[in-house]
Amino acid sequence: MTNPSYFFCGVGGSGMAPLAMIMRARGHDVAGSDRALDQSRVAARFDFLAGQGVTLFPQDGSGVTDPSQIVVASAAVEDTVPDMVSARRVGARVQRRAELLSQLFNSADQRIGVAGTSGKSTITAMLTWILDRAGLDPTVINGADMLNYVTPDTPFAAARVGTAGLFAAEVDESDGSIALYDPTIAVVSNISLDHKSMDELRALFGAFVAKARVAVLNLDNDESAALAAQSGGRAVTFSLTSQAADLSAADVVQRPDGVDFKARTPSGTAWPVRLLTPGLHNVANALAALLAAQALGVDLAAATAALSDFRGVRRRLEVTGTAAGVTVIDDFAHNPDKIAATLRTLRAFDGRLLVMFQPHGYGPIRLMRRELAEAFQQGLAPGDVLIMPEPVYYGGTTDRSVGSADLIADLVALGIEAEAYPDRAACGDRLIALAQPGDRIIVMGARDDTLSVFAHELLDRLDQARA
């Protein structure tokens, strides 16, 4: 049987591009289209894909011409997209991204699925680096670029191609596709309201954990702690504070550019860890990665040593730069837990926060409006300013009846200094007007690669203003 060719609809997406790279590395012909390519956004990503042998087409259906092609699309791609229309017309098979990824994942001998509301990408990247340093040569698909693998020749590195027998992947619950994965080791960082109701999330995560030989679970989160209690002895647990966990944190010292702690077992044995990524949430992420590595036979001393030069993942409290005394930070936070963790980390150190939060859709505002407001109310201090444009929207039939102005009105009623603007350009003008030496500007949001471009533009404008 000949190797099938794959056409990725939305090939530039954070979940699609690494999967396309894996299929290309396995010898398949790979092509794709993307609305961002048609709109001339994030050109560097498409230049990289083309350089890796991915043939790029406009998203007009012209790339889908052969019934032998397999057209891969995410759950967000609607049937009216021209590529999907062409697939039906020529009789090409359509496969959802999660179906293809789960097939690759489930065919491996050792399968590590990293799930949870927050921290998945960082835990996956930490685990990748630990396993790589241990010589285990994992194949990995992550939801964000892993900075240890970013080079001038490989500016985008959300995938690592290694042995087919050891596969680690960030697993998503937002579309229910977590049910497709059959992990030998299941990691759940935490469970809280995000894309689905809590009842739906409990069912999805519970089924995911039930399949695993070992479940790595967070005792500091009530929902994942409940899974540990129901695991029948298959769980290994981590905690920032509880010494009853299989691995806990001791002697934590936060730094602006990282955090030091000791990873401690219940017997009192402890290994020092020096992270280059700041925040208590990254201590929890590290504990999860260490336990997953240990479940694969990696010695904890070697695993903790590997974390000393772990560089993080793109857009997780990533410092874009400093100009005119103002630091610009690019961050992926988009749900209440992630927003709270980011603001808690930043508030541990001096400096006013000027936050531009771009919601990742209209649906999330409707679902999490109250929780988002609470996260900002608790995380922002007097003098901090929150600025919001309308949510990211690339077309489609989504309900846009509740937008950023509604959330801003909630926050103003709570006493938060918050302002809504019609677009991101206006937000940028306001941030530059507000910025003073010692301030920190945080560009916050998900599902829009141009947010990083925006952060760099702000830094350039600050630099020009100083000159």
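**Entry 1: the mixed sheet**

In what order do the 6 strands of the open sheet with mixed pairing stand? I read the order as β16-β17-β21-β18-β19-β20. Before going on, I noted that this is a predicted model, in which local features need pLDDT of at least 70 and side-chain atom pairs count only at pLDDT 80 or more, while totals for chains, interfaces and linings use all residues. Residues are numbered from 1 along each chain as its sequence is written, and side-chain values use heavy atoms, with hydrogens and water left out.

For the terms, I took strands as DSSP runs of E with at least two residues and helices as runs of H or I with at least four, numbered from the N terminus. Two strands pair if DSSP finds at least two bridges between them.

My angles come from axes fitted as lines to C-alpha atoms, for helices over the stretch in contact, and run from 0 to 180 degrees between N-to-C directions.

Contact means heavy atoms within 4.5 Å.

**Entry 2**

I moved on to an open sheet of 5 strands, β3-β2-β1-β4-β5, with parallel pairing. β3 (55–57) and β5 are its edge strands, each with a single partner, so one side of each has no neighbour in the sheet. The twist averages 25° from one strand to the next. I checked β2 against β3 and found 3 bridges, with the strands running parallel; Ala31 has Thr55 in β3 as its bridge partner.

Which residues of helix α4 (residues 82–90) are buried? They are Asp83, Met84, Ser86 and Ala87, where buried means under 20% relative accessible area, exposed over 50% and partly exposed in between (1.4 Å probe, protein chains only). Seen down the axis of α4, these buried residues fall within an arc of 160°, so they line one face of the helix. That arc is taken over the directions from the helix axis to the C-beta atoms. On the other side of α4, I noted Arg88 and Arg89 as exposed.

The cover over the buried residues of α4 includes β1 (6–9), β2 (30–33), β4 (70–73) and β5 (93–96). After α4 comes Gly91, with a positive phi near 85°.

**Entry 2: salt bridges**

How many salt bridges does the structure hold? I have 22 on the page, each being a side-chain nitrogen of Lys or Arg within 4 Å of a carboxyl oxygen of Asp or Glu.

I looked up Asp132 with Arg160, whose closest N and O atoms are 3.4 Å apart. Asp132 lies in helix α6 (residues 120–133) and Arg160 in strand β8 (residues 159–160), so the pair ties together parts 28 residues apart in sequence. Asp132 is partly exposed at 22%, whereas Arg160 is buried at 14% relative accessibility.

Asp199 and Arg202 come within 3.0 Å at their closest N and O atoms. Both lie in helix α7 (residues 198–210), 3 residues apart, about one turn of the helix. Asp199 is exposed at 57%, and Arg202 is partly exposed at 39%.

For Asp260 and Arg255, the closest N and O atoms are 2.6 Å apart, and both residues are buried. Shared partners join Arg255, Asp257, Asp260 and Arg274 into one salt-bridge network.

**Entry 3: Thr124**

Back in helix α6, I stopped at Thr124, which is buried with a relative accessible area of 1%. What does the side chain of Thr124 reach at 2.8 Å? I found the backbone oxygen of Lys120. Leaving out residues up to four places away in sequence, Thr124 touches Val114, Val140, Ile141, Asn142, Ala169 and Glu170.

How values were computed:
A polar contact is a pair of N or O atoms within 3.5 Å; within protein, one must be able to donate a hydrogen and the other to accept it, and residues adjacent in sequence count only if both atoms are side-chain atoms.
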